[in-house]
Amino acid sequence: MERLKIMLVDDNITNLTMGKSALAPHYDVFTIPSGEKLLKVLERTTADLILLDVEMPEMDGYQVIRILKSSPGTADIPVIFLTARTDMGSELEGLSLGAIDYITKPFSPPLLLKRLEVHLLVEAQRRQLQNYNNNLQCMVEEKTRAVLGLQRAVFDLLSEVVEYRDDVTGGHISRTRKYFLILLNGLAGGRVYASEVASWDFELMVLSSQLHDIGKVAIRDSILQKPGPLTAEEFEEMKKHTVYGPKIIEKIEKNTSERNFISHAKNMAASHHEKWDGSGYPLGLTGLGIPLPGRLMAIVDVYDALISRRPYKEPLGHGQAVNIIRCGSGSHFDPALVEVFLNVAEEIREAAATE
Ligand SMILES: [Fe+2]
């Protein structure tokens, strides 16, 4: 086993010789005649413990320990003061500067050895604990990353299930996800709903937005994939995706502690067809009574529907779609959010063009 390295610092040659003969059978002992020399030696090598004389010419022990403790490379090396002073004030001063012990000279070699042994043991245990804590932290971070990755994968998969079933609106989820992020970024740093938005994790919000139409998995194929406009009755059935959606997400909620994240997804699934003036569905909520994520989703959802081809309609151009949303401000949409949308409309047009 590698021997531990002890640095014995004293300006008195007799003390250095005595100390070395007591410690050398058990440790690698470096005898160093001054604080300056110690600092030089520590530039090249490290120590497991330093025995430091207090009264030395030039730089005394207190000055040396201050320098050692202020440098990251030497701050963790345990220091024991050796001194002829026996007053309590000196002892307290030494300990307050970060020394772990205070041994008065002349010392008894067996006693010095015992005290060193105890301190080195404590130090070894401290390091072990520190390593253990570091490892534990790494393990927790790794687990968190794995859980988040899994969560993302599950949400991606769920949103893909909707896309596969809903041929008619193909690609709607992946496109609205992009527009939603642009709208979120447009909100960030602005004054509109600033405090609410500041508490959001955008990545999780975008993940949540992918589930806004998850309720469609419970809608019959004959309605969901109908290659034409829906009858009034079919439309009533289709509207229920805003009721089924939150129920599906609630099932995930029961099995997870990520309440915040799930609640945004649930809100969006439930309220993305509500309208500012109360004429939307399923509850006919009005104004600020509609959850903010739902009010945001409503804009990108409609924008994408307008610019997309459907079996029963041609796509509108970006400018026409923007106009319709502008006209819906205060009736269909939250006026403050329409303003934000108009600010980022060009960016949304570019994202739509790359589809
Ligand atoms: Fe929807």
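Start with the cavities: the count comes to 2 of 30 Å³ or more. Here a cavity is a set of points on a 1 Å grid over the protein atoms alone where a 1.4 Å probe fits but cannot get out. A volume is the space filled by probe spheres set on the points, with grid points joined across faces, edges and corners. This is a predicted model, in which local features need pLDDT of at least 70 and side-chain atom pairs count only at pLDDT 80 or more, while totals for chains, interfaces and linings use all residues. Residues are numbered from 1 along each chain as its sequence is written, and side-chain values use heavy atoms, with hydrogens and water left out.

**Stop 1: the largest cavity.** Select E274, W276, I290, R295, A298, H332, F333 and D334, the residues that line the largest cavity; a lining residue has an atom within 4 Å of a point. The volume of this cavity is about 50 Å³.

**Stop 2: the largest pocket.** A pocket is an open set of points with protein on both sides within 12 Å along at least five of seven lines. The largest pocket holds about 760 Å³ of space. Its lining has 30 residues; pick F235, H273, Y281, A305 and Y312, which lie nearest the centre. Two or more lining residues come from each of α9 (221-224), α10 (232-239) and α13, and α13 gives the most, with 5 residues. Helices are DSSP runs (H or I, at least four residues), numbered from the N terminus.

**Stop 3: helix α10.** Now colour E234, E237, M238 and K239, which are buried in α10. Buried means under 20% relative accessible area (1.4 Å probe, protein chains only). The buried residues of α10 pack against α9 and α11, where contact means heavy atoms within 4.5 Å.

**Stop 4: the iron ion.** Which residues coordinate the iron ion? Show D213 (OD), H241 (NE2), H272 (NE2) and H273 (NE2), at 2.1 to 2.3 Å. Donors are N, O and S atoms within 2.8 Å of the metal (3.2 Å for Na, K and Ca); water is not among the atoms, so sites may look incomplete. Along the chain, the donors of the iron ion follow the spacing D-x27-H-x30-H-H. H241 lies in helix α11 (residues 241-254) and H272 in the loop between α12 (259-271) and α13 (292-307), so this pair ties together parts that are 31 residues apart in sequence. H241 is buried, with a relative accessible area of 2%, and H272 is buried, also with a value of 2%.

Definitions and conventions: Buried < 20%, exposed > 50% of the residue type's maximum accessible area, 1.4 Å probe, protein only.
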